[in-house]
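Dear colleague,

I am passing on the structure that you will find just below, and after it I have set out what was found in it. Please read the notes with the model open beside you.

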Amino acid sequence: MQAFTFLRATDARQAIDAGARSPTAQQGASVRFVAGGTTLLDLMKLHVEMPQQVVDINHLPLDRIERTHDGGLKIGALARNSDVANHAEVQRDYAVLSQALLAGASAQLRNMATTGGNLLQRTRCMYFRDEHMPCNKRQPGSGCPAIGGANRTLAILGTSDHCIATNPSDQNVALAALEARIAIHGAQGERIVPIADFFLLPGDTPDRETVMQPGDLITHVLLPPPKAGTRSHYLKLRDRASYEFALASAAVVLGVDGGRIHHARVALGGVGTRPWRAPEAEQALLGRPATPASFAAAATAALRDAHAQSENGFKVELARRCLVHALTTVATA
Amino acid sequence: MSPDATSARPAIGASIPRVDGPLKVSGRATYSSDHHFPGLLYAVPVGATVARGEVASIDDSAAAAMPGVRKVYTRANLGTFYKPGKSGTIDESRPPFEDDTVHYYGQYVALVVADTFEQATAAARAVKVDYRNVVAPDVRMQLTAEENQTTDSERGQVDAALASAPVTVDQTYTTPPETHNPIELHASVAVWDGKAFTLYETTQSIMNHRAVMAQMLGVPKENVRIVTEFLGSGFGGKLWPWPHALLAAAAARDLGKPVKLVVTRQMMFHNVGHRTNTQQRVRLGANHDGKLIALRQDFIYRTSRIDDSKEDCGEVTAFLYSTPNLKVTSARARRDIAPNTAMRGPGAVPGLFAIESAMDELALALKIDPVELRLRNEPEIDESLGIPFSSRHMKECLTRGAERFGWARRNPAIGSMRHDGVVLGWGMAACAWMAQRLDAEVSLLLNADGSVRVASGTQDIGTGTYTMLAQMVAHDLGVPIERIQVVIGDSALPPGPLSGGSMVTGSLVPAVAQAAAGAVKQLLDTAAGHGPFAGAKAGQLAFTEGRVHLRSGTPADGVPFADILKQARLAHVEGKGKSRNTFGDKEAKKFSMHSYGAHFVEVTWEPAIARLRVSRVVTAIDAGRILNPLTGRNQIEGAIAMGVGMALFEDTHYEPLHGKAINSNLADYIMTTHADMPDVDVLFLDYPDTKLNALGARGIGEIGLAGVAPAIANAVHHATGVRARDLPVKIEDLLASHVV
């Protein structure tokens with residue numbers, strides 16, 4: 001690990017000012033905020049992240065979970081994954097988020113990991129995490145040996161010729177289906193970014209993963225009020241029963257009335273270069289009967305543009321089954 | 001000292017908790033890397049980032065100038081290591097820094113020593129290594145028989161028998177490279193006092209380690225002391241010395257300071273061995289009644305370019321079943337991958353995956369129940385050697401295991417069994433593993449304070465050797481476990497057995513008995529003619545439960561042994577014992593000695609989401625007399641966990657462009673978690689094998705893993721209809737299932 005200076009921020013302004021001195025908030029940032037540290041510290045030990053300054057934001061008052069005036073929920077960026085997952089109102093109104101969080105990592109990691117940190121979780125692509133390997137995301141222009149290499153766990157949606165890295169988060173898939181909004185306090189003031197606009201496709205700049213700018217500090221996540229007559233569910237499929245990233249996952253919010261679907265939000269995990277909202281699937285569901293045929297059609301629509309690599313072609317079928325099963329579960333609950 | 005309740009309990013066969021348990025759970029057990037000394041320095045190796053090529057130059061100027069760095073070692077300044085010769089066993093025989101050639105990714109090319117681990121780590125990264133003549137590595141998993149083709153066992157006319165057999169199976173099975181991942185990292189703490197080394201090592205064989213290190217470091221054996229008090233397991237990966245131990249010792253000698261080198265988890269995927277991948281073609285021929293008439297196994301194992309550790313997939317093939325015609329052949333294929341080594345149940349474990357999968361395929365072809373097929377092919381004698389078995393109860397493993405599992409309720413139709421909405425698959429496999437003794441010496445002291453000390457230069461890799469030794473002494477002397485001090489893990493002690501091949505327990509039994517008898521004889525000689533036994537000769541005295549008494553009297557009328565020693569002003573009396581190995585023992589060679597077992601596995605299959613889990617395992621084990629059912633069951637349960645990993649998860653992925661084991665961490669190298677653990681029921685038959693030793697005890701470290709993977713794969717077939725011939729069974733294979 002390379003030497004760095006350590007600053008314990010006592011207020012948001014101090015953190016933002018420190019962060020703003022980095023030329024980028026993306027790969028290669030010279031200033032990094034640390035919250036739970038479950039991603040950052042690993043990457044620093046691997047020399048994938050080598051900030052000159054680490055700013056500890058754990059003392060900022062951003063760990064609350066509270067109702068908003070419109071009946072939604074405001075989750076502080078520093079709220080721990082385990083606290084969010086076990087929060088009574090999250091479990092009642094946003095079951096998909098609780099289930100997604102509990103499907104992730106281990107109990108110890110969930111106790112440390114935060115809502116904001118999870119939003120910025122980095123890929124588990126083995127080439128990205130190995131400084132001796134080429135990787136366009138870590139070192140732009142160096143190439144992508146994952147294409148044609150070890151890509152069993154990598155993405156089939158949203159890929160480019162430069163990068164096929166998967167966004168590994170479970171939380172973010174649920175947040176995409178919930179149409180969460182992300183509150184960011186930055187050098188230019190505060191702004192709210194819908195989650196659909198927060199993550200970038202890799203394109204030819206896979207080192208840029210989000211809209212975060214130098215100094216940007218995620219302060220909280222806003223969930224809209226729960227839609228009446230809907231239920232939600234998260235299903236994660238992986239090789240072993242615990243402590244593994246998704247090979248495919250599905251977050252669904254579904255409203256069914258009189259056998260017809262009146263509300264559908266669908267996102268996939270483990271298969272996309274970002275948390276993969278699937279509007280095509282939602283369109284295929286809306287107004288349709290809640291039947292296996294509708295669910296199958298939605299899954300086919302969600303994966304229509306899938307592009308498989310040498311080792312991960314199975315993910316197309318796996319994700320299809322995952323989505324159908326998640327929809328079936330929520331429709332028959 | 002009156003015999004108390006504890007001593008009255010039999011020590012053998014009792015479920016006695018580990019005697020070292022409290023030390024371990026309270027963090028007081030000193031593992032090798034826990035050793036610390038004033039002035040200790042930290043060493044971090046630099047690994048090659050190519051798999052095949054040469055080191056052109058090493059620029060250590062930046063590293064050498066970094067804070068805390070004491071020295072950067074390369075080929076140019078480390079000095080020479082001697083070759084191992086015939087000093088002992090080592091699976092990477094090339095001394096580190098031997099030449100500029102790189103044979104595998106991660107091979108050590110430099111070493112940084114600094115004041116702190118962090119400084120050494122940072123400086124190691126700053127060492128700039130340039131390579132030349134770099135060639136794209138060959139790390140293909142597909143194997144062809146390229147060299148060392150041998151016939152390992154043969155009887156009858158196998159090819160003719162196969163050609164005329166009414167029913168045949170002819171399939172090829174593969175097992176992947178598996179990397180040992182004991183929780184304790186490999187480590188060396190080397191101390192040089194100007195003349196002699198004390199080396200705190202993570203080794204499963206302190207005696208072999210001493211012999212090899214003395215040779216390669218160029219010092220007399222008596223100037224090397226190896227200490228391994230506790231091991232966080234090894235699974236075979238710590239049987240033989242690895243290059244890091246030599247680097248740490250050489251640096252300690254050169255710098256005149258203690259040096260600690262802990263191999264990182266990432267390095268453990270390259271620098272300390274692994275179970276190599278295998279490819280096995282199995283041909284079976286049988287009559288319609290299920291009687292085997294031919295069995296042929298042709299296997300290829302992969303080795304590194306520089307060493308040739310054989311993964312002997314035919315280890316148990318030749319005596320497992322009765323068949324007049326049999327042939328086992330082996331061949332080697334070299335790849336640009338680091339040297340391989342033994343992993344729990346070497347040879348037999350991958351070998352049984354092929355044989356027992358093929359037997360399942362044969363059972364299907366014959367429409368005979370898989371248990372029944374094995375019962376019909378049970379041999380009367382070891383047909384490969386023409387000698388009787390010392391103690392074989394395979395049939396009982398099969399029948400009692402089947403009964404405990406409920407096998408009679410099995411519907412053989414694929415995907416036909418359901419429970420709570422999921423498909424159940426039931427599969428089984430048989431297994432065997434060798435039972436042998438190694439040379440072992442034991443010293444036993446009866447102390448004047450009433451305690452007993454037993455010592456041997458062996459080590460406990462986590463399997464319970466401390467506890468076994470205490471139990472053997474308690475059994476032989478009738479003294480309570482609490483009064484027995486077990487001293488192992490130090491090469492200065494009388495030479496003891498290595499912890500491999502499930503041989504420690506069986507090897508120690510005769511030596512302990514002899515040492516105990518010797519100490520008692522000394523004690524009785526001391527007691528005779530003095531004090532309360534003034535008128536008695538030694539032959540008229542007896543030793544019972546810690547007391548010396550007249551043979552004509554009772555123990556209660558006697559005297560505690562401590563009193564005898566105090567009266568004679570002796571600190572202790574010592575008995576010495578020695579076990580002879582079975583490998584050169586003519587008596588032992590009259591019998592085929594092995595352990596046996598049968599695994600019965602239930603998997604659950606949810607086709608809608610392609611989810612397969614192992615839900616239930618019943619294992620029946622015939623491993624001689626079980627000295628301690630508690631630690632014994634623990635060995636089998638751990639082996640089942642490893643077997644689930646072998647069947648479904650573990651696969652070292654050598655990246656094709658660079659030859660690196662790219663999933664070199666515990667997130668990407670998938671192993672069994674607690675959540676994956678099935679309900680495990682272990683049944684010990686508990687028949688003493690008195691041909692092996694007086695207690696009839698065999699080791700049980702490996703038998704539990706043998707056969708688990710094929711039992712799971714066979715259950716997977718029953719549930720899904722997918723025949724997995726290439727491990728691990730993956731979701732992508734199972735998506736082909738037609739069971740809905």
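**Gln279(B) and its surroundings**

Leaving aside residues up to four places away in sequence, Gln279(B) touches Met141(B), Gln142(B), Leu143(B), Thr172(B), Tyr173(B), Thr174(B), Asp298(B), Phe299(B) and Ile300(B). Please keep in mind throughout that this is a predicted model. Gln279(B) belongs to strand S13, which covers residues 278–286 of chain B, and at a relative accessibility of 18% Gln279(B) counts as buried, because buried means under 20%. Pro350(B) stands 71 residues from Gln279(B) in sequence, while the two C-alpha atoms are 9.2 Å apart in space.

**Domains of chain B**

The domain assignment divides chain B into domain 1 (5–30 + 437–579), domain 2 (38–346) and domain 3 (369–435 + 588–734). Taken over C-alpha atoms, the centres of domain 1 and domain 3 of chain B are separated by 37 Å, and 24 residues of domain 1 of chain B are in contact with 21 residues of domain 3 of chain B. Between these two domains of chain B, domain 1 and domain 3, an area of about 1,700 Å² is buried, with carbon and sulfur atoms giving 60% of it. Ile12(B), Arg437(B) and Ser502(B) supply 30% of the area that domain 1 of chain B buries against domain 3 of chain B, which is more than any other three residues. Across this interface of domain 1 and domain 3 of chain B, the rule finds 0 salt bridges.

From the UniProt record, an unreviewed entry, comes the feature "domain: Aldehyde oxidase/xanthine dehydrogenase a/b hammerhead", placed at residues 26–135 of chain B.

**Where chain B meets chain A**

In the contact between the chains, 32 residues of chain B are in contact with 32 residues of chain A, and the area buried between chain B and chain A is about 2,800 Å², of which carbon and sulfur atoms give 60%. Arg125(B), Ile609(B) and Leu735(B) supply 21% of the area that chain B buries against chain A, more than any other three residues. The rule finds 4 salt bridges across the interface of chain B and chain A.

The side chains of Arg152(A) and Glu732(B) meet in a salt bridge, with 2.5 Å from N to O. The side chain of Arg152(A) also meets that of Asp239(A) in a salt bridge, at 2.8 Å from N to O. Asp239(A) lies in the loop between strand S9 (230–237) and strand S10 (248–257) of chain A, and Arg152(A) in the loop between H7 and H8 of chain A, so the pair ties together parts that are 87 residues apart in sequence. Arg152(A) is buried, with a relative accessible area of 14%, and Asp239(A) likewise counts as buried, at 13%.

Arg124(A) lies in the loop between helix H7 (115–119) and helix H8 (171–177) of chain A, and it is buried, with a relative accessible area of 15%. Not counting residues up to four places away in sequence, Arg124(A) touches residues of both chains, namely Arg129(A), Thr166(A), Pro168(A) and Phe245(A) together with Asn665(B), Ala667(B) and Asp668(B). Gln139(A) lies in the loop between H7 and H8 of chain A, but Gln139(A) is partly exposed, with a relative accessible area of 44%.

**Salt bridges and cysteines**

By the rule used here, the count comes to 64 salt bridges over all chains. In one of them the side chains of Arg225(B) and Asp490(B) meet, at 2.7 Å from N to O. Arg225(B) lies in strand S11 (residues 224–227) of chain B and Asp490(B) in the loop between strand S20 (484–487) and helix H14 (504–527) of chain B, so the pair ties together parts that are 265 residues apart in sequence. Arg225(B) is partly exposed, with a relative accessible area of 33%, whereas Asp490(B) is buried, with 14%.

As for the cysteines, the structure holds 0 disulfides over all chains. Cys313(B) is in no disulfide, and the nearest cysteine sulfur, that of Cys431(B), is 16 Å away. Cys313(B) counts as buried, at 1% relative accessibility, and Cys322(A) is buried as well, with a relative accessible area of 0%.

How values were computed
Residues are numbered from 1 along each chain as its sequence is written. Chains are lettered from A and ligands numbered from 1 in the order in which they are written. This is a predicted model: local features need pLDDT of at least 70, side-chain atom pairs count only at pLDDT 80 or more; totals for chains, interfaces and linings use all residues. Side-chain values use heavy atoms; hydrogens and water are left out. UniProt positions are given in the numbering used here, feature names are shortened, and annotations may be inferred rather than shown by experiment. A disulfide is a pair of cysteine sulfur atoms within 2.5 Å. Buried means under 20% relative accessible area, exposed over 50%, partly exposed in between (1.4 Å probe, protein chains only). Domain bounds come from an automatic or database domain assignment. Contact means heavy atoms within 4.5 Å. Buried area is the accessible area (1.4 Å probe) that two parts lose on being put together, summed over both. Helices (H or I, at least four residues) and strands (E, at least two) are DSSP runs, numbered from the N terminus.
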